[in-house]
Amino acid sequence: MAPPAGRIRPGRYLGFFVFIVVLLYALVFLTGNGKATPKLGIDLQGGTRVTLTARTPDGSAPSKDSLNQARQIIERRVNGIGVAGTEVLLDGNNIVITVPGEQGDQAKKLGQTAKLGFRKVLDAQTATTPPVANPAPATEAESAAQIQQAKAARQATMLVTGTGDSLAESPTAQQTLAGYACTTQDPLRGNDDPNLPLLTCNRDGSEKYLLGPVFLQGTEIDNAVASPPAQNKAGWTVDLNFKSAGRQIWADFTSKNVQQRAAFVLDTQVVSAPTIQNAIVDGNTQISGSFTQQQTKDLADILKYGSLPLSFTSSDAVTVSATLGLASLKAGLIAGGLGLALVFVYCLFYYRLLGALTVVSLALSGLIVYAVLVLLGRWIGFTLDLAGVAGFIIAIGVTADSFVVFFERLKDEIREGGRSFRSAVPRGWTRARRTILASDAVMFLASAVLYAIAVGDVQGFAFTLGLSTVLDLVVVFLVTHPLVALAANSKTLSNPKLTGLGGVQTLAAERRSTRKAAGAAVKEA
């Protein structure tokens with residue numbers, strides 16, 4: 001039989017809430033890596049903060065558009081690598097990358113320009129001396145001067161000997177190659193002119209090359225995938241597939257240069273310089289070298305997500321300790337705990353049994369919030385930071401406010417309508433529900449707008465506040481209202497001394513007596 005109008009079956013609502021909690025915690029413990037803890041941000045678990053300083057060939061300030069484009073590409077690399085909780089922010093002419101946990105080494109690689117070009121090997125010699133270290137530039141002007149000097153020594157001087165294959169037979173070019181020394185910090189890194197020949201070395205400095213101009217740009221790469229060792233290849237490789245135009249250029253070059261070498265040049269360094277065994281007409285190509293599995297994956301991701309429009313130097317890499325953040329978290333939790341305790345004391349003193357239901361509802365709300373945090377950390381990489389903790393602490397007041405609205409509406413129904421506790425619950429809930437929905441809708445809308453226009457920690461605050469607002473509705477509708485309905489249907493629990501509604505009911509009875517007396521007086525008159 002259906003319940004009377006305005007009444008509910010509390011057991012169904014509570015059973016559905018129990019089902020949600022069981023489902024959430026089943027996902028927490030039976031999926032993922034088994035760790036039932038939320039992911040923490042850099043301020044709570046420590047991490048690495050890398051500052052990348054943009055460089056331009058002439059030393060001028062980079063454009064805002066170039067910096068924004070670089071930031072977006074780095075963000076795509078972050079998403080592709082799967083570094084959870086990473087922030088990529090613009091700070092003047094710098095890009096600041098913040099990575100929580102033990103993933104600092106990956107953050108330092110995210111600023112690699114990844115300017116890939118395919119050049120013909122005109123001449124190659126084994127390096128007889130180990131790479132030398134270049135002094136790091138102290139200013140942007142010194143950096144620009146080093147770039148210009150490197151271009152003059154390794155690109156512009158090649159023009160006097162001719163162009164194309166004739167360079168390989170030029171005594172001047174051969175002498176220049178023989179006298180060139182590999183360096184550990186290449187000032188030309190990512191700033192070489194693709195239209196000019198190039199003197200450079202491979203990544204470990206064991207071989208140096210005289211290369212022709214770029215005949216195929218890395219922007220023609222359609223996809224790049226890390227490939228493990230197989231029967232026909234000893235090490236890890238990066239498998240490339242070109243776009244239609246690039247496929248045709250590569251097919252023409254390999255057809256005309258069988259048994260010649262082609263260099264894959266990444267940020268001015270030769271990654272691999274294989275000998276072309278036959279024409280490659282389908283565009284499927286491999287970059288091989290002395291790669292580890294992680295190096296191959298990093299290179300494939302960088303090539304897949306695009307090269308940066310600027311070159312960067314890692315001007316600052318700082319390991320951030322979690323000590324200060326944990327101290328702040330401890331202080332925040334203490335403040336939140338004190339606030340929660342005050343809410344409990346007030347509710348128990350003022351609402352008595354209804355206050356006890358408030359305590360139970362808040363505890364169950366915390367239970368469901370914790371499970372959702374763990375799952376969001378796994379599914380979307382959400383990390384909890386100090387700003388997010390602040391959002392949850394504020395949400396305690398939002399949730400308690402919903403309870404107060406409901407309880408005060410019950411009192412109004414009893415006081416003004418002369419109803420019993422049992423009959424006041426369905427009518428009071430109907431009216432309180434509209435107020436609760438309107439209040440939470442405004443709070444959620446404010447959180448969504450703040451999340452959309454903010455960056456960094458403020459976004460975390462807005463996200464947790466909005467999440468708590470949604471979960472507040474779940475708890476109020478599925479827990480608080482059904483528990484109050486159960487209490488109203490129980491003779492023991494609906495005792496006015498337990499509910500704290502005795503004074504309101506007494507006042508309502510006195511008003512009824514007063515109205516009756518006034519009515520009787522009017523009839524006698």
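**Note on the predicted structure**

1. Strands, like helices, are DSSP runs numbered from the N terminus (helices are H or I with at least four residues, strands are E with at least two). The model is predicted, with local features needing pLDDT of at least 70 and side-chain atom pairs counting only at pLDDT 80 or more, while totals for chains, interfaces and linings use all residues. Residues are numbered from 1 along each chain as its sequence is written, and side-chain values use heavy atoms, with hydrogens and water left out.

2. Strand 4 has two pairings to consider here. With strand 6 (residues 207-217), strand 4 pairs in the antiparallel sense over eight bridges; two strands count as paired if DSSP finds at least two bridges between them. Strand 4 also pairs with strand 9 (residues 262-266), again in the antiparallel sense, over five bridges. Strand 4 is mostly covered, with eight of its eleven residues buried; buried means under 20% relative accessible area, exposed over 50%, and partly exposed in between (1.4 Å probe, protein chains only).

3. The chain as a whole may be described next. The protein chain contains 15 helices and twelve strands. Of its 525 residues, 44% are buried. The accessible surface comes to about 25700 Å², and carbon and sulfur atoms account for 59% of it; accessible areas come from the Shrake-Rupley method with a 1.4 Å probe, and for residues only the protein chains shown count as cover. Among contacts (heavy atoms within 4.5 Å) between residues at least 6 apart in sequence, 74% join residues at least 24 apart.

4. Strand 7 pairs with strand 8 (residues 237-242) over six bridges, in the antiparallel sense, and A226 has V238 of strand 8 as its bridge partner.

5. How many salt bridges are counted? The count comes to four, a salt bridge being a side-chain nitrogen of Lys or Arg within 4 Å of a carboxyl oxygen of Asp or Glu. One of them joins the side chains of R119 and D192, at 2.9 Å from N to O. R119 lies in strand 4 (residues 116-126) and D192 in the loop between helix 6 (171-179) and strand 5 (198-201), so this pair ties together parts that are 73 residues apart in sequence. R119 and D192 are both buried.

6. E413, R427 and R431 are linked in a network of salt bridges. In the pair of E413 and R427, the closest N and O atoms are 3.4 Å apart. This pair links distant parts of the chain, with E413 in helix 11 (residues 386-417) and R427 in helix 12 (residues 421-453), 14 residues apart. The side chains of E413 and R431 meet at 3.2 Å, N to O. Since E413 lies in helix 11 and R431 in helix 12, the pair ties together parts that are 18 residues apart in sequence. As to cover, E413 is buried, with a relative accessible area of 3%. R427 is partly exposed at 37%, and R431 is partly exposed at 30%.

7. A surface feature involves helix 1. F16, F19 and L23 form a nonpolar patch with about 310 Å² of accessible area together, and F19 is found in helix 1 (residues 10-30). Patches are made of residues with over 30% relative accessible area and no salt bridge, with like charges joined within 9 Å and nonpolar side chains (Val, Leu, Ile, Met, Phe, Trp, Tyr) within 5 Å.

8. E87 is found in strand 2 (residues 87-91) and is partly exposed, with a relative accessible area of 24%. The C-alpha atoms of E87 and I97 are separated by 5.7 Å, while the two residues are ten apart along the chain.
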